[in-house]
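Q: Hi! Could you walk me through the pockets and the ligand in this one?
A: Happy to, here is the structure.

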Amino acid sequence: MPNSIKRRGLMLVLSSPSGAGKSTLARMLLTNKEELELALSISVTTRPRRPSEIEGVHYHFISPREFERLRDSDALIEWAEVHGNFYGTPREAAENALADGQDMLFDIDWQGALQLQEKMKGDVVSIFILPPSMADLKQRLHRRAEDSEDVINVRLDNARNEIERWRSYDYVIVNKDLDRAFHEVQSIVTAERLRRDRCPGLFDFVSSLLDEKLN
Ligand code: ADP
Ligand code: 5GP
């Protein structure tokens, strides 16, 4: 589809139990910017920053008080408590991006995905990432080595409950081989961008096709 044909932005929602590889896939999607041109929605969270994380790049790290203020002033399109911390999606950045036809990536949990699916139904494309096995999930959480043993155990305990949410997503990908999983996500984005109902510019394009005079 040529870029000149006007299209609505889409909201690509990626969820998974912690450790299944969603952030790795999100990073790959964002680095491959020229091809996919996705912008990342940067959430606010009350969780402490991990050593590798940068304020304003991975999250906006805020206090519980500031979180409450944002939530109560309707500045978050969705929010949830996950693993004992609060997370939310700032409304303004997401709405501005979509109005500009900019596709956005949301790395959010199933509770947030449900809220976006209810509020912005036609704009959301949701993908759930599964690990190939629970043993792999555990190993990946340890290998990431960014959380304490206690935090890892909470996340493993919560994983079963999160995995049960797989049915409410449009697509499910098993992240065994990373390159393959990445290719699958890319294919979904490409196909979803071509959906007829996402391309209002097709009306003008088809009219101009039919009006074209041939010699
Ligand atoms: P999540 O964001 O879902 O919590 P991460 O993306 O941080 O998970 O991945 C957890 C760990 O697993 C990271 O160390 C990452 O490098 C590793 N990982 C991700 N995908 C794969 C894969 N397909 N095979 C092996 N390791 C992977
Ligand atoms: P982490 O602490 O590992 O960065 O994230 C924990 C979980 O919170 C992940 O499942 C992640 O997708 C989710 N999460 C991150 N930001 C948001 C958000 O803004 N809203 C919701 N609902 N979940 C989020």
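A: First a term: Ala, Val, Leu, Ile, Met, Phe, Trp, Tyr, Cys and Pro count as nonpolar, Asp, Glu, Lys and Arg as charged, and the others, Gly among them, as polar. On that basis, the lining of the largest pocket has 13 nonpolar, 15 polar and 15 charged residues. This is a predicted model, where local features need pLDDT of at least 70, side-chain atom pairs count only at pLDDT 80 or more, and totals for chains, interfaces and linings use all residues. Residues are numbered from 1 along each chain as written, chains are lettered from A and ligands numbered from 1 in the order written, and side-chain values use heavy atoms, without hydrogens and water.

Q: Thanks! Which helix gives the most to the lining of the largest pocket?
A: That is α1, with six residues. Helices here are DSSP runs of H or I with at least four residues, and strands are runs of E with at least two, numbered from the N terminus.

Q: And what does S16 do around ligand 1?
A: A polar side-chain atom of S16 is 3.2 Å from a ligand 1 oxygen atom.

Q: Switching topic, how are the residues lining the second largest pocket divided by class?
A: Five are nonpolar, four polar and six charged.

Note on methods:
Polar contact = N/O pair within 3.5 Å; in protein donor to acceptor, adjacent residues only side chain to side chain.
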